Amino acid sequence: MEQEKVAEIIDSVLPGETVLVTYTTSYIPEFALKFFIEYSKEKGIPLVIDDNFDTLHAIIIHAKTMGLSLDFDNVYVLKTGGKFEIGKVLARVPFHPDPRVYLKNYEESSVKVFKEIPSPMINLVLGLENLFLVTRTPLDTYRIILAMQRFTGNERRKAFYLVNEGIMKSLPVKSLYELERISTTVIRLTPYHTGAGVKVLKSINPNLVGLETTIDAGGWS
């Protein structure tokens with residue numbers, strides 16, 4: 001089963017890694033969310049979702065129209081902005097337009113959350129591109145990138161940042177290339193009619209580089 005090959009890739013990611021998962025505009029976020037929920041449940045690994053500006057709610061609405069069922073009974077959420085609470089919301093991070101204030105708020109909240117949950121956990125970050133959309137200067141953008149880099153090596157989590165490649169490339173500051181640089185693993189997801197193609201572009205594990213497989217939602221309900 002192709003999903004098992006994807007699971008093997010996730011298994012091979014080490015605690016403390018920063019994994020950038022890029023996609024083009026499509027229903028890939030819905031397939032990816034379904035995969036991570038099923039994966040964490042099967043493996044008995046806690047799943048913590050960073051939900052930025054109600055991105056999770058938008059994905060769920062799309063998933064329902066596609067007939068994908070999503071079980072959030074054992075999903076923890078760290079929420080920035082927005083108003084829709086889904087899953088077990090452990091903390092709400094106050095958003096502030098000054099990234100220095102926001103990042104301080106995030107670090108304080110995330111440290112508390114990560115201490116409460118058994119490790120290593122899967123930390124799936126949704127809506128990261130929305131943070132970059134509201135930054136005002138290149139310096140603000142790099143503050144966010146450097147803050148992400150500082151989390152690399154935190155062995156309490158395996159972090160997966162799911163980002164829309166098209167949006168990131170349209171920003172004045174070409175931060176996608178910086179995200180690729182600081183990430184220990186880079187995975188590209190490409191759409192097809194019942195799921196997503198998966199290709200590992202970069203990894204600290206040389207055996208993963210160039211590996212290709214698929215997430216096929218054809219058998220999901």
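Biologist: In which loop is Asp54 found?

Modeller: This is a predicted model, in which local features need pLDDT of at least 70, side-chain atom pairs count only at pLDDT 80 or more, and totals for chains, interfaces and linings use all residues. Residues are numbered from 1 along each chain as its sequence is written, and side-chain values use heavy atoms, with hydrogens and water left out. Helices (H or I, at least four residues) and strands (E, at least two) are DSSP runs numbered from the N terminus, and Asp54 is found in the loop between β2 and α3. Asp54 has a positive phi of about 65° although it is not a glycine.

Biologist: Does Asp54 count as buried or exposed?

Modeller: Buried means under 20% relative accessible area, exposed over 50%, and partly exposed in between, with a 1.4 Å probe and protein chains only. Asp54 counts as buried because its relative accessibility is 14%. Phe53, found in the loop between β2 and α3, has a positive phi of about 55° although it is not a glycine, and at 27% relative accessibility Phe53 counts as partly exposed.

Biologist: Which peptide bond is cis?

Modeller: The bond from Ser119 to Pro120 is cis, with omega near 0°, and Pro120 is found in the loop between α4 and β5 (121-126).

Biologist: Which residues lie nearest the centre of the largest pocket?

Modeller: A pocket is an open set of points on a 1 Å grid over the protein atoms alone, where a 1.4 Å probe fits, with protein on both sides within 12 Å along at least five of seven lines, and lining residues have an atom within 4 Å of a point. Here 16 residues line the largest pocket, and Leu103, Tyr106, Ala147, Met148 and Phe151 lie nearest its centre.
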